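Dear colleague,

Please find below the structure that I am handing over to you, followed by an account of what was found in it.

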Amino acid sequence: MKPDRGDPSAAVCIIGAGPRGTSILERVAANAPEILGDREFAIHLVDPFPPGSGRTWRTAQSELLWMNSAAEQVTMFPDSSVRCAGPAHPGPTTGRWLAENGRGPLHDGHYASRPAQGRYLQEFFRGVRTRMPPNLRLHVHRATAVDVRHAGTEHQCVVLDASHRPVPAAQLVLAQGHTDVVTTAPRGLTRIGPGRADEDGLDRIPTGAPVVVRGLGLVFIDCLLLLTEGRGGRFVRSRPDGRLSYRPCGREPLLYAGSRRGVPPYPKPAYTLNSPCPPLRYLTPEMCRDRLRRPGFDFDRDLWEPALLELRWAYYHELFTAHPDRTRMDWASFATQYERFAGNDDRAAKLVRAAVPDPDDHFDPDRLTAPLTGHRSPDPLVLQYRVRAHLRDSVRRRREPRHSAHVAVIRALGAVGGVLGDLYNAGELPPRAAAVALRRFSVGAFLSSGPPPLRMEQLIALSEAGVVTFTGPDTTVAAAEDEAVFRASSPHVRATYTARILLDAHLPEPDLARTADPLLRRLLASGRISEATAPDATGSPRPTGALRVRDGHPVDATGRTHDTWYVAGPEQFPHAGTDAGFFRRNDEIARAVLGRAAA
């Protein structure tokens with residue numbers, strides 16, 4: 001007998017219809033014939049924004065906002081490289097789909113706008129819906145989930161806002177992506193963010209107003225373009241040296257921008273590696289599991305040090321195999337000696353000096369990750385010249401293939417991060433180690449998650465035009481309520497910058513206590529979910545702001561696991577042909593949902 005259409009035991013509710021939720025929907029549809037046969041099953045997809053694109057990739061936003069990954073690499077279709085139990089469903093990358101359908105140009109040669117990516121995602125959703133087996137019933141709810149009634153029982157249902165009826169579903173997938181946090185500002189001051197670039201919020205910044213900016217990452221770049229070119233300014237390449245210059249429109253604010261490192265992340269590379277990435281040899285999953293079982297396990301000693309060895313190995317493999325003219329021995333000879341000296345920093349450094357004559361070709365993680373280290377002049381004008389020089393050098397390195405060894409490091413970081421991510425998702429990496437890993441791997445975002453090179457050239461032009469002033473490394477921002485201003489200063493620069501407007505130009509850290517998501521807020525208040533903790537320096541548990549998860553399921557305040565609830569956190573877009581963990585995890589969730597329904 002087919003279940004009644006309102007029977008929650010034969011239904012799942014996916015909260016979030018962006019890329020993650022839509023991919024899980026595709027995996028449910030792909031695996032259903034094998035696991036469910038012809039039994040009926042209902043899927044409820046809940047999001048106030050259009051399915052596929054969700055909020056971040058909505059098609060109505062400015063075309064000035066670009067993707068951060070090359071369109072020819074990004075895909076929503078799991079191909080044969082993905083090691084998962086479900087079937088592969090290959091399809092076009094964003095770049096190929098845009099080229100075949102004429103749905104948008106590629107900027108700086110490789111990057112689609114966010115609205116164009118949104119059109120690709122919406123088309124992907126439509127294709128999934130069209131090809132869905134007839135025994136699967138999809139219900140799309142353009143609404144916001146606000147509560148769960150009868151959690152964990154056969155009568156469980158998801159409560160929606162406004163006048164929408166509750167959704168009966170025995171299983172729940174949390175795929176909201178990056179959620180906002182509730183923030184406040186002292187009286188008389190304005191605070192925008194943290195969060196993605198908000199066009200309406202940025203419109204509140206008056207012409208010529210000084211603005212203190214906290215963060216130099218991708219959100220900063222997005223805000224920068226909306227506040228300059230978005231207001232009528234123009235970038236022109238008319239100088240004899242080929243550099244960009246900026247022609248103001250007169251409506252720009254004055255931006256005083258700083259961060260911990262004092263410089264933006266490196267731009268994306270404009271080329272790909274010709275040589276294959278060497279397989280992992282120092283940080284394999286088996287080695288990680290062995291070290292995790294050791295008494296007195298320490299992440300920095302037991303996992304981070306071999307991770308650095310992995311990065312060095314990838315760097316020199318690319319340098320020796322792709323640019324042998326810049327070395328004094330062949331790769332096989334170097335590799336044999338390097339492995340012998342891998343645990344001896346002095347011997348390894350001596351080998352590198354003998355084999356690689358140009359010090360600029362040596363792998364220097366400190367120079368890569370902290371480029372302003374050693375800056376001594378407190379003169380703020382000198383700092384501007386220093387940062388611009390660094391930005392020009394970073395653009396040159398990411399546009400000239402002779403520096404491809406730096407790109408090999410990015411690829412190795414992705415491989416190492418994938419190993420640790422799989423261990424975390426499997427519950428094998430303890431919370432304290434996971435917290436250290438996230439802090440350590442922030443260097444990965446700094447090296448690999450920057451904007452397209454053209455965006456960095458535009459930033460240089462805006463700095464030269466006086467629209468952007470860099471405040472220096474280790475910039476701190478404090479509110480002086482007696483003067484009704486925000487103050488930004490760096491201990492390395494003799495200058496203080498003040499403004500009545502603070503732009504927090506970064507995505508918020510996870511913070512369940514201040515989340516703006518009404519569902520998470522309600523579930524936390526009622527104890528049906530809980531906040532993860534990690535030991536502090538004294539060993540005492542400290543709230544991390546993140547959702548407490550066990551084996552992919554949320555844990556309530558009593559320590560009980562919601563076995564029928566699944567957590568699918570935000571991830572970067574998967575790249576074609578890379579066995580992306582994004583697809584593997586989505587396939588696992590889909591098969592678990594279907595398996596429980598079949599049982």
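I begin with Asp241, which is partly exposed because its relative accessible area is 47%; the class runs between buried (under 20%) and exposed (over 50%), with a 1.4 Å probe and protein chains only. The areas come from the Shrake-Rupley method, and for residues only the protein chains shown count as cover.

Please note that this is a predicted model, in which local features need pLDDT of at least 70 and side-chain atom pairs count only at pLDDT 80 or more, while totals for chains, interfaces and linings use all residues. Residues are numbered from 1 along each chain as its sequence is written, and side-chain values use heavy atoms, with hydrogens and water left out.

Salt bridges

A search of the whole structure gives 36 salt bridges, each being a side-chain nitrogen of Lys or Arg within 4 Å of a carboxyl oxygen of Asp or Glu. Asp241 takes part in one of them with Arg243, where the closest N and O atoms are 3.4 Å apart. Arg243 is likewise partly exposed, with a relative accessible area of 34%.

The pair of Glu26 and Arg27 has its closest N and O atoms 2.7 Å apart. Here Glu26 is buried, at a relative accessible area of 4%, and Arg27 is buried at 0%.

Asp360 and Arg397 form a further salt bridge, with 2.7 Å between the closest N and O atoms. This pair links distant parts of the chain, 37 residues apart: Asp360 is in the loop between H9 and helix H10 (365-369), and Arg397 is in helix H11 (residues 380-399). Helices (H or I, at least four residues) and strands (E, at least two) are DSSP runs, numbered from the N terminus. Asp360 is partly exposed, with a relative accessible area of 25%, whereas Arg397 is buried, with 8%. Through shared partners, salt bridges join Asp360, Arg367, Asp393, Arg396 and Arg397 into one network.

Charged surface patches

Patches are made of residues with over 30% relative accessible area and no salt bridge; like charges are joined within 9 Å, and nonpolar side chains (Val, Leu, Ile, Met, Phe, Trp, Tyr) within 5 Å. Lys and Arg count as positive and Asp and Glu as negative, while His and the chain ends are not counted. The place of a charge is taken as NZ of Lys, CZ of Arg, CG of Asp or CD of Glu.

A positive patch on the surface gathers Arg340, Arg347, Lys350 and Arg353. Helix H9 (residues 345-355) supplies its largest share, three residues. Lys350 is in helix H9 and is exposed, because its relative accessibility is 58%.

Asp298, Glu305, Asp345 and Asp346 form a negative surface patch. Glu305 is in helix H7 (residues 299-322) and is partly exposed, with a relative accessible area of 47%.

Backbone features

Most residues other than glycine have a negative phi, and most peptide bonds are trans.

- The peptide bond from Gly193 to Pro194 is cis, with omega near 0°; Pro194 is in the loop between strand S8 (190-192) and helix H4 (199-202).
- Ala484, although not a glycine, has a positive phi of about 55°. Ala484 belongs to the loop between strand S14 (476-480) and strand S15 (485-489) and is buried, at 15% relative accessibility.
- Asp551, also not a glycine, has a positive phi of about 55° and lies in the loop between strand S20 (549-550) and strand S21 (553-554).

Pro452 is located in the loop between helix H14 (442-448) and helix H15 (453-464). Pro452 counts as buried because its relative accessibility is 4%. Leaving out residues up to four places away in sequence, Pro452 touches Trp66, Met67, Asp108, Tyr111, Pro267 and Lys268, where contact means heavy atoms within 4.5 Å. Pro452 and Val146 are 306 residues apart along the chain, and their C-alpha atoms are separated by 38 Å.

Leu227 lies in helix H5 (residues 218-227) and is buried, at 1% relative accessibility. With residues up to four places away in sequence again not counted, Leu227 touches Leu202, Ile205, Glu252, Pro253 and Leu255. Thr207 is 20 residues from Leu227 in sequence, and the C-alpha to C-alpha separation is 9.5 Å.

Definitions and conventions. Areas by Shrake-Rupley, 256 points an atom, 1.4 Å probe, with all protein chains shown as cover.
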